[in-house]
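The following note sets out numbered remarks on the model shown below. Please read each point against the coordinates.

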Amino acid sequence: WNLLTPFRTWQNTITGPAAAELTGLFGFNVPQRWSIAHLYQAVLNGEEHVPRVAHITTLAGYIHYMLTGVNAVGVGEASGMFPIDSQALDYDRAMVEKFDRLPAVEQLPWKLRDLLPRVLVAGQDAGILTREGSALLDNLLPSGIPFAPAEGDAGTGMTATNAVAARTGNVSAGTSVFSMAVLERPLSRVYQAIDMVVTPAGAPVAMVHCNTCTSDLDAWVRVFGEALEAAGAGLDKPALYGLLYRKALEGDADCGGLTAFNCYSGEPVAGVDSGCPLLMRPPEARLSLANLMRAHLYAAMAALKMGMDLLTGEEGVTLDQLQGHGGLFKTPGAAQRLMAGALGVPVAVMETAGEGGPWGMALLAAYKIQRTGDQHLDAYLAQRVFPGVPCRRVEPQADDRAGFEAYMTRYRAALDVERAAGELVRRESVYG
């Protein structure tokens with residue numbers, strides 16, 4: 001349990017060769033951010049630490065181990081490490097064996113199954129808070145507290161939005177943005193832009209994950225906040241965000257010809273290897289505060305739209321609505337309305353929408369303690385947690401849909417410009 005190499009995140013888009021080879025080997029989409037892609041890329045790179053690896057895990061899994069001494073993660077979290085067999089609710093054995101037989105792996109002193117954390121399903125015991133774990137928390141909590149299986153943003157997001165049953169879905173919008181659609185049937189083929197994961201209870205989910213959402217948007221909000229402070233009219237953060245997000249609703253439906261790219265890193269869904277935030281405007285574009293803010297909100301949704309079109313278009317996946325949560329939805333009505341228009345799906349937001357993952361993990365812990373008999377997670381949430389919870393639902397507006405499609409036409413046409421800008425930034429000897 002000594003860290004052998006710096007922690008690698010979803011924005012480290014450095015595993016393209018490994019992800020492509022494993023996708024072909026498994027016949028199953030392996031995204032660049034998955035743990036197995038990072039491990040195999042390290043093998044291909046001949047990185048010095050690889051023969052000494054004893055465990056690989058996620059941040060959620062590491063914290064769970066430090067607090068409980070149990071090396072396990074929830075099945076939803078595990079499905080972002082390695083493909084899951086939805087019947088066995090464990091890592092796909094055939095794919096594990098294929099990985100171990102790869103020439104570059106076969107000569108190593110470990111087997112993959114020995115490195116991966118154990119897989120647990122929602123409701124199962126996942127250990128207790130140990131004395132050592134309590135000490136790490138400055139003894140704020142007593143030892144002996146039971147733990148639920150650890151889940152990350154995806155599993156906790158589905159739980160926090162009551163989106164764990166078939167035909168339900170959610171969209172989580174914060175530093176990254178991703179949508180989750182719980183499937184009634186398998187997809188017809190493998191898509192590079194769609195990840196196959198599972199709910200915390202093991203139901204199959206199609207996920208569209210984009211690396212950047214609000215980072216560039218936040219940077220622009222800070223700039224406008226500085227301008228207001230310089231003028232002696234500073235606003236606190238909620239008021240500032242509320243002002244600017246509501247202003248976006250006054251903009252032209254197509255942003256007046258403005259096109260923004262919010263890529264702080266590579267964006268695989270859009271085919272961008274290296275990112276660079278970028279604002280494009282032809283001379284005749286209608287540059288205004290409202291159009292500028294609308295363009296940046298659209299940019300936060302654009303790559304997601306590209307993946308969702310595959311699900312709702314080519315695959316014909318039907319969603320009754322998407323439940324929104326995360327920081328993007330803290331300003332009531334604004335991003336929610338634009339997201340509904342962008343994706344062509346009603347978007348609902350609960351009062352707890354801004355709470356995100358911690359709320360979802362708390363619900364999973366409550367389910368572990370409070371469920372009765374063989375009560376499924378979806379039944380527990382529907383019957384015990386969410387009845388009567390206030391929820392605002394917004395239908396897609398025709399003008400917003402048409403405006404976003406016009407924006408996306410420009411966005412797709414200008415992707416080569418974004419790729420060139422990202423490549424320029426990547427070559428530090430030339431720029432930066």
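1. Alanine 302 counts as buried because its relative accessibility is 0%; buried means under 20% relative accessible area, exposed over 50%, and partly exposed in between, with a 1.4 Å probe and protein chains only. Alanine 302 belongs to helix α12 (residues 289–314), where helices (H or I, at least four residues) and strands (E, at least two) are DSSP runs numbered from the N terminus. Leaving aside residues up to four places away in sequence, alanine 302 touches Phe404, Tyr407, Met408 and Tyr411, contact being defined as heavy atoms within 4.5 Å. Between alanine 302 and phenylalanine 404 there are 8.8 Å in space, C-alpha to C-alpha, although they are 102 residues apart in sequence.

2. On provenance, this is a predicted model, in which local features need pLDDT of at least 70 and side-chain atom pairs count only at pLDDT 80 or more, while totals for chains, interfaces and linings use all residues. Residues are numbered from 1 along each chain as its sequence is written, and side-chain values use heavy atoms, with hydrogens and water left out.

3. Helix α2 (residues 35–45) is largely enclosed by the rest of the structure, because 9 of its 11 residues are buried. The buried residues of α2 are Ser35, Ile36, Ala37, His38, Leu39, Tyr40, Gln41, Ala42 and Val43. Their cover includes α1 (16–26), α5 (93–100), α6 (103–106) and α7 (112–115).

4. Which helix does α10 (residues 215–230) pack against at an angle of about 110 degrees? The partner is helix α11 (residues 237–248), and the two axes are 10 Å apart; axes are lines fitted to C-alpha atoms, for helices over the stretch in contact, and angles run from 0 to 180 degrees between N-to-C directions. That angle makes α10 roughly perpendicular to α11, on a scale where under 35 degrees counts as roughly parallel, over 145 as roughly antiparallel, 65 to 115 as roughly perpendicular and the rest as oblique. From α10 the contact takes Leu217, Asp218, Val221, Phe224, Gly225 and Leu228, and from α11 it takes Leu240, Tyr241, Leu244 and Tyr245. These residues divide into 8 nonpolar, 1 polar and 1 charged, with Ala, Val, Leu, Ile, Met, Phe, Trp, Tyr, Cys and Pro counted as nonpolar, Asp, Glu, Lys and Arg as charged, and the others, Gly among them, as polar.

5. Lysine 237 is also found in helix α11. Its relative accessibility is 59%, so lysine 237 counts as exposed. Lysine 237 and valine 221 are 16 residues apart in sequence and 9.1 Å apart in space, C-alpha to C-alpha.

6. Helix α14 (residues 357–370) packs with helix α15 (residues 377–385) at an angle of about 100 degrees, and their axes are 11 Å apart. The two helices are therefore roughly perpendicular to each other. Trp359, Leu363, Leu364, Ala366, Tyr367 and Gln370 of α14 meet Leu377, Tyr380, Leu381, Arg384 and Val385 of α15. By class, this contact has 9 nonpolar, 1 polar and 1 charged residues.

7. Cysteine 255 lies in the loop between α11 and β9 (259–261) and counts as buried, at 0% relative accessibility.

8. How many cavities of 30 Å³ or more does a search of the whole structure find? There are 3, a cavity being a set of points on a 1 Å grid over the protein atoms alone where a 1.4 Å probe fits but cannot get out, and a pocket an open set with protein on both sides within 12 Å along at least five of seven lines; lining residues have an atom within 4 Å of a point. The largest cavity has a volume of about 50 Å³, and its lining divides into 9 nonpolar, 2 polar and 1 charged residues. Leu364 is one of the lining residues of this cavity.

Definitions and conventions
Points joined across faces, edges and corners; volume = space filled by probe spheres on them.
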